[in-house]
Amino acid sequence: MKIIKFILLFTVALMLLLIVGLVAAANLIDLNRHKDRIAQMVYDRTGRELQLTGDLDWGFWPSLYLAGGPLTLGNAPGFGPEPFLSLEDFHLAVATRPLWRSEVIMDTVQVAGLRLNLARDQAGVGNWEDLTGPPAPAEPHRKPEKPPGPPFAALALGGVNITDTGISWQDGVSGQEAEIRDLSLRIGALSFGDPIELELDFGATSKQPQMDVVAAVQGTMVYDLRAERYALQPLEARATFSGPTVPGGQAELNLHTLLDFDSRQGRAQLDEFRLEGLGAQITARMEMHDLNEALPGCRGELTAEIADLVRLLNIFELPLGQQLAGVRERAVSLQTEFAIDPGRGQALVPRLEARLLGTTISGNLEAANIQSAQPDVQGAIKAEGPDLPALLAVAARLRPGTDREAVDRALTGLRNRGLLAEVVFASEGPDIVIPHLRLQALNSSLASDWRLSNLQADKPSLQGKFRLEGGDLPMLLRVGAAFAGQPDGPAGQETGVHQELWALADRVATARQNSFELAAALTADLAQGQLRISDFSGRALGLAATAELAAQDIFISPVFTLDLELPPFNARAVMPLLDVAVPETADHNALTRMALKTRISGSPAKFTIAPLDLRLDDSLIRGQMVVNDLDSLDLAFNLEIDQIDLDRYLPPESEKQPVPPDAALAGAALLPVELLRELRLDGDLRAAKLKISGLQLENFSLGIKARDGRISLQPLDAALYGGRMNAKVSLDAAGEQPTIKTENSLSGIQAGPLLRDLTGDRERIRGRADISYNLETAGAKIEALKANLNGETRFSFSDGAVVGVNIGRMLRQTSALIQGRTLAVEEREAVTDFTALTGSAQIKNGLVSNRDLNLMSPLLRATGAGTADLVSEQVDYLLTTTVVATPEGQEGRELAQLRGIAVPIRISGTFAELSYRPDLSGAGLEQLQQNLRQLEQQLRQEGLRGLEGLFNGRPAAPADPEAAPEEAPAPQPEEKLQEELRRLFRF
């Protein structure tokens with residue numbers, strides 16, 4: 001017993017000592033002596049300065065309390081000198097004795113003069129983030145543990161009284177500033193199990209928008225800590241908004257709701273939710289369950305009505321309000337029912353009805369196994385409205401850079417203004433199937449169905465088909481043009497795409513090509529990088545097309561195969577629609593019948609076109625082409641043409657423009673040197689029949705190789721006009737000045753038909769011709785090419801005729817002059833027949849020299865020599881003709897007197913204006929004098945009277961010296977012959 005008594009006495013003494021010690025500590029320990037140490041500890045932990053300018057007070061009996069103030073906590077670096085937090089006064093107290101019975105009886109918590117300055121800089125960093133520390137690493141989700149029951153046997157709270165509180169907010173990102181002022185929070189005294197009254201009042205000011213708000217919140221909280229149930233019955237709030245953006249300057253917003261929360265069961269229920277004010281009304285009912293699970297579920301109903309969406313947005317100065325300012329249908333409504341149960345994997349939206357901007361939207365959704373990798377989903381959405389232009393106007397306002405005025409112009413004349421969009425979708429295993437997707441708008445319709453696979457992957461797959469058709473392609477193009485501005489550009493900015501699309505729409509409308517059709521089946525396996533378009537058919541702009549496309553490895557090194565067919569179309573009509581200038585052709589029917597069938601395979605930079613089947617008017621072109629490098633135009637080809645008339649595609653003769661004097665002086669550029677240096681060609685071209693510059697060629701064959709500025713045309717062969725042409729041409733543009741070399745051999749050519757076809761006029765020479773030449777020149781302009789031309793040529797004509805001149809008749813006229821008579825006019829063609837005409841020419845620096853022209857015929861011999869300057873286009877040539885034999889009959893007798901007499905004819909002038917006249921100077925005059933001496937001997941034999949009659953044209957007078965008057969001395973025969981020859985040749 002003594003031991004027990006001793007223990008009891010010792011225990012009581014110890015407790016008394018402890019109580020005395022605590023009371024002594026509370027009275028003897030001064031916290032203010034440790035303020036610097038407390039401030040240093042805060043600085044070490046946060047890097048911020050804590051200033052305790054007021055006294056700290058604490059006590060243990062009869063209440064454990066802590067009180068103090070004022071104090072401030074510094075701001076984060078870079079956020080200015082204002083403190084992050086300041087507090088004028090606080091007081092916390094709890095009764096000491098009830099704590100021994102596990103009872104918490106707190107006095108009223110008092111806080112006064114709290115100021116909190118929140119801010120975010122331009123980088124989006126908040127001034128509170130250094131206090132919260134880095135976010136904790138994500139942990140695998142675990143089911144929350146059941147919270148423990150209250151640790152106290154009883155709890156009582158005298159209440160909470162927070163007064164004179166202010167919170168400021170500055171956003172450096174958006175520039176927004178706001179402030180909450182005069183905040184007071186009053187929570188009534190809490191006695192364990194009794195209801196708690198809540199009151200919250202505050203005022204708020206915002207600069208963006210400029211608005212003042214006065215708000216009051218009241219509620220009664222009912223709770224059962226042991227049952228873990230809480231309820232707000234009710235919670236009511238009222239806010240008064242005032243400011244220049246508020247209609248009438250002031251408006252109210254009221255909230256009423258009931259909230260029950262059962263923590264133990266993990267359930268919550270929101271009833272009688274009603275939010276009214278600012279032209280809006282929202283009502284809702286919602287039940288939530290499995291709140292203790294990772295994914296809680298809910299079900300409920302929601303109804304929203306907004307009388308004027310634009311006005312509501314403008315109250316808060318949201319940019320969308322200004323963008324929708326011109327919208328006529330501003331009412332918005334929403335009604336829906338929903339049920340989401342993740343535990344069962346179900347989601348259900350049996351009803352969704354909304355009206356937005358005059359468009360009615362309805363739909364439904366049903367989903368099962370939503371947490372699995374392959375959920376089962378099915379549903380439908382339908383949107384229908386009477387005023388699509390209004391929706392496009394809204395879209396134009398929402399998209400920066402859109403030309404809104406252009407949208408209005410684009411929709412001018414639209415009769416069917418409605419919109420209809422329908423989609424039905426469902427899941428089939430891992431796939432999403434869209435068996436029905438339909439869109440009707442802008443006089444066009446789209447119908448399609450799709451299947452989407454591998455939706456969990458980064459690159460899903462797509463398979464489906466579509467058909468798009470319409471009757472107003474210009475309107476679609478104009479709408480597209482209006483929306484084609486730069487996304488970040490100012491409204492109304494017209495980009496190149498805008499202008500091109502709008503211009504295309506105008507051209508299509510002018511051509512009345514308004515209707516269009518597009519249809520195709522599409523398969524895309526993005527994971528495998530594969531794309532296939534099959535059964536493609538299209539009709540637009542006067543063109544029709546069918547195609548098949550298969551592509552692989554489309555994201556890394558794409559390769560493809562395209563089968564393309566264009567049925568016959570009028571290219572002359574299509575080209576203006578595509579803003580391609582129609583070339584002026586000699587034949588206005590050229591380019592009116594084209595068709596194409598081909599296969600293109602390879603990569604975008606290197607591909608093969610084979611087989612190629614191209615119909616060009618009356619020509620059929622077949623073969624293949626290989627594009628080795630599209631960027632450098634490295635091409636190879638092998639083409640065959642059945643027949644082609646290239647003259648049909650040349651400009652008409654009447655449209656050849658005169659060369660300006662300055663261009664003529666400078667010399668127009670003939671060779672595109674830079675293009676020739678970049679050319680990469682390796683090809684062969686064959687044509688069974690070819691017409692060019694009037695020439696008719698058969699079995700034409702051309703081989704071309706071009707690389708690094710060096711171009712070779714070999715072979716260049718053809719059969720033409722009974723003979724053959726074998727030529728080769730080489731061009732070297734690699735150096736500073738391009739050089740050209742050419743060799744050609746024409747054998748067995750019928751010159752008459754060739755010249756007739758080439759000139760389109762009567763041929764000047766006939767006969768079988770053999771011509772060869774070897775030429776070279778340098779330069780890029782015509783004048784330079786002429787001036788630098790060097791080489792030689794040989795020609796030989798047999799059994800032919802020179803057309804347009806009858807040398808025999810000219811000589812007979814000379815004979816008639818001698819005899820004092822004239823020849824009868826001949827109506828037959830003037831020709832000079834020959835058995836052979838040969839010669840050669842040497843060309844040096846553009847000067848063509850000929851010294852060995854020789855014409856032989858049974859009656860005549862003609863030789864010639866002279867020059868032709870290609871630069872000045874001046875000709876100086878002497879042709880000498882001699883009678884070597886006479887035919888029988890009258891013509892023979894007329895030429896008999898000129899046998900052996902040589903007649904020199906000087907050919908001079910420019911290429912455009914040549915003159916032919918006897919040469920009466922120099923060697924020509926000497927030749928004429930020799931001819932006259934020969935004639936004089938013949939005339940003496942026939943009598944002097946014949947000679948006088950020749951030159952006087954009258955009979956001889958009687959030999960009566962007295963009867964004859966005195967006359968002037970008669971001209972010498974030489975002078976009279978010269979005079980008559982001048983009269984004959986009119987010079």
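The side chains of R328 and D387 form a salt bridge, with N and O 2.8 Å apart; the term denotes a side-chain nitrogen of Lys or Arg within 4 Å of a carboxyl oxygen of Asp or Glu. R328 lies in the loop between α5 (319-323) and β21 (332-341), and D387 in the loop between β24 (376-385) and α6 (388-398), so the pair ties together parts 59 residues apart in sequence. Helices (H or I, at least four residues) and strands (E, at least two) are DSSP runs, numbered from the N terminus.

This is a predicted model, in which local features need pLDDT of at least 70 and side-chain atom pairs count only at pLDDT 80 or more, while totals for chains, interfaces and linings use all residues. Residues are numbered from 1 along each chain as its sequence is written, and side-chain values use heavy atoms, with hydrogens and water left out.

By the above rule, the count comes to 41 salt bridges. Two further pairs are tabulated.

| Pair | Closest N and O atoms |
|---|---|
| E640 and R686 | 3.1 Å |
| E674 and R677 | 3.2 Å |

E640 in strand β36 (residues 634-645) and R686 in strand β37 (residues 680-692) are 46 residues apart. In contrast, E674 and R677 both lie in helix α12 (residues 673-678), three residues apart. Salt bridges that share partners also join K382, E384, E422 and R438 into one network.

The pLDDT, the predictor's confidence in each residue from 0 to 100, averages 82 for the protein, and 80% of the residues score at least 70. Over residues 655-669 the pLDDT is below 50. Where pLDDT is low, the predicted coordinates should not be read in detail.

Note on methods:
Contact = heavy atoms within 4.5 Å.
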